[in-house]
Amino acid sequence: MERLGTRRSPRGCGSAVWCGGVVFRVFTMAKPRRAIVIGGGAVGVSAALHARMRGWDVTLIDPRGVAGGASSGNAGVLAVSECVPVGSPGTIRSVPRMLASRDGPLHIRPAYFPRLLPWLLRMVVASTPSRVEELSIALASILEGAVAAHEELAGPAGVRGSIVPTGWLKGFETEAGFRGSAADFALMRRRGIACDELDGNGIARLDPALKGRFARAVFHPGCCHVGNPHTYVRALGDHLLRLATACLADEVTGFDLTGGVVSGVRTRTQSIPADAVVVAAGAWSKPLAAMLGCKVPLDTERGYHMMLDARDCETKLQHPLYWADKSIVISPMGDLLRVTSSVEFAGLQAEPDFDLVLRNLPHVERLLPGVRLVPDSTWLGFRPSIPDSLPVIGPVPGVANALLAFGHGHLGLTLGPVTGKIVGAMLDGEAASIPTAPFSPSRFT
Ligand SMILES: Cc1cc2nc3c(=O)[nH]c(=O)nc-3n(C[C@H](O)[C@H](O)[C@H](O)COP(=O)(O)OP(=O)(O)OC[C@H]3O[C@@H](n4cnc5c(N)ncnc54)[C@H](O)[C@@H]3O)c2cc1C
C-alpha cells in the first residue's frame, strides 16, 4: 500500500439536508471531518478535490491509482451536447439490426445475455418518448455547467490549457444517414444545444482534412476536447496531493456500517475511520453500493481504442469527429489520433476482443490517408452505465453519511468535475446548483 500524503483540516459543522428524496445527515463534530472517496477516476478525483477545497480531511483509495480506469483511455470529448439518452425509441428499433451485424457498433456476448436482460428491460422502459424527454432535461441540466466545472479544477491544477474549445463534428456519408439522426438533433435543439448543419463545402472549410469525405455534418460549437485524458486526470490527481490529500493504492472491500451510519471502510490491508464516504468506483461500484444496502442497475458498456500515427497525413484533422456511419470517434491527440469504438456487453471479467476496434483501421486509412497504426496501442475501458443514462449521484437511502457518484456511461470525463462539485455541496449539506432528484439513488427503490 502506498501512502502519498495527508493533512488534517480544522473544520466541522452539522446539519440535515433533503437531497434527492432522502435525508443526508452531516454530523456535528469539533474534530476534522474525514471523507473517504473510493475510486480515482475523473469522478472520484473531482469529488475528492471539492471535498478537500471545502476543508474535509480526504483519503482517496484506488488500487489502480489515479486515472487507472475508464478515465484514461477515452476519446477526450467534453461532450456537453449529448443530452440524448442512449436508450430512445430509435435505438430500440435499431438494436436487432445492430446485433445482427458483426461490423455494427453493438455487441452482446451470448453467455452474458441472461445477466444483462434485466438491465436491457429497464432500458426499454426508459425509452418511451415522454421519458426520453424528461431524461434529456435532466442530462442537459447537468451538462450545462460541465465545462465551467472543468475549468474550476483545471485552472488551479495547471492544466487549464488542456481544455481546448474545438467543438465536436459529427459526419454523415449520406443524406439518408443524416436524416436518420434528425430526431436526436431536434431533441438537442429543444434543450438549447447548438447544432450547426454543414454541407460538403462547409465541412471542407471547417476541417480541410475531411474535404470530400462527408455529405453532411453537424457541428456542436459548445463542446471542448482534452488532448490527453490520462495526463489530464493525473494532473488533477497531482493537485489533490498538493492539497495534502492522502491517496492510497488499495482496494475497498467493505464498510463498517452500524445503525445506518458508516464509521469507516475496510480495505485489503486496513480499516480506515470516516465521517462520510463517497463511492465513485465507476463500473466497479455496484457491489460497493450493495454492501451499503443500495441495489443499483449498473452494468458496463465496454469500449475500445487504438492509436494511429498521423504524422504522414497531408492535412491534419482539427476537430474530434464522430463518424456516424461507422459509429466511431476519431480524436486528434498531438501527432496521434485516437479511434474509439464499440459498445460491448460482456461484464468486467471477459477477455478483450480488440478486433472490435482494429477492424475500423481500413475505414480510417481511407478517410485520412497516411495514418499508421501504433503497434500495441489497443485499450479496453469500462463505461459505468445505468439503463436510463443518468448518473447516480446522491445519498444512499437509509445510510446517513454515504454518497454514490457513478454511472456516467459515455459522459464520465465530461461530467466528472460537475459531479464532484455536487458531491462537495452534498457533503456539506448544501443544495447543489442544479436539481439533483433525477440522479438520486432512491429512484431505483
Ligand atoms: C472507449 C471510450 C470512450 C469514451 N469517450 C468519452 C468521451 O469522449 N467523453 C466522456 O465524457 N466520456 C467518455 N467515455 C466515458 C468515460 O471514460 C467514463 O464515463 C468515465 O471515465 C468514468 O469515470 P469514473 O471516475 O466514474 O470511473 P473510472 O475512471 O473507471 O474510475 C473508477 C475507479 O474506481 C476504482 N475502483 C474500482 N473498485 C474499487 C474498490 N473496490 N476500491 C477502490 N477503488 C476501486 C478503479 O480502479 C477505477 O480507477 C468513454 C469511455 C470509453 C470506454
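**Helix packing and the sheet beside it**

Author: In this predicted model, Ala42, Val45, Ser46, Ala48, Leu49 and Arg52 of helix α1 meet Val233, Leu236, Gly237, His239 and Leu240 of helix α9. Two packed helices are described by the angle between their axes and the distance between the axes. For α1 (residues 42-53) and α9 (residues 229-242), the angle is about 30 degrees and the axes are 10 Å apart. An angle under 35 degrees counts as roughly parallel, so α1 is roughly parallel to α9. The crossing in which α1 passes α9 is left-handed.

A second pair is formed by α5 (residues 146-157) and α13. Their axes come within 8 Å and cross at roughly 75 degrees. Angles of 65 to 115 degrees count as roughly perpendicular, and α5 and α13 are therefore roughly perpendicular to each other. On the α5 side the contact involves Ala146, Ala149, His150, Glu152 and Leu153. On the α13 side, Thr414, Leu415, Pro417, Val418 and Lys421 take part.

The sheet comes next. Six strands make up an open sheet with mixed pairing, in the order β12-β4-β3-β16-β24-β23. β12 (246-248) and β23 (392-395) stand at the edges and have a single partner strand each, so one side of each is left without a neighbour in the sheet. From one strand to the next, the twist averages 15 degrees. Helix α13, residues 412-427, packs on this sheet and touches β3, β16 (276-279), β23 and β24 (402-406). The direction of α13 makes about 10 degrees with that of β23.

Within the sheet, β3 (residues 34-38) pairs with β4 (residues 57-61) in the parallel sense, over five bridges. Ile38 has Ile61 in β4 as its bridge partner.

One further helix, α7 (residues 182-190), can be read by its two sides. Asp184, Leu187 and Met188 of α7 are buried. These residues cover an arc of only 100 degrees around the axis, which puts them on the same side of α7. An α-helix has 3.6 residues a turn, so residues three or four places apart point the same way. On the other side of α7, Ala182, Ala186 and Arg189 are exposed. The buried residues of α7 pack against α4 (129-144). Just after α7, Gly192 takes a positive phi of about 85 degrees.

Conventions:
Residues numbered from 1 in each chain as written. Predicted model: local features only at pLDDT ≥ 70, side-chain atom pairs only at ≥ 80, totals over all residues. Pairing = 2+ DSSP bridges. Helix = DSSP H or I, 4+ residues; strand = E, 2+ residues; numbered from the N terminus. Axes fitted to C-alpha atoms, helices over the stretch in contact; angles between N-to-C directions. Contact = placed C-beta atoms within 7 Å. Buried ≥ 20, exposed ≤ 12 C-beta atoms within 10 Å, placed from the backbone. Arc of directions from axis to C-beta. Parallel < 35°, antiparallel > 145°, perpendicular 65-115°, else oblique. Left-handed = near helix turned anticlockwise from the far one by under 90°.
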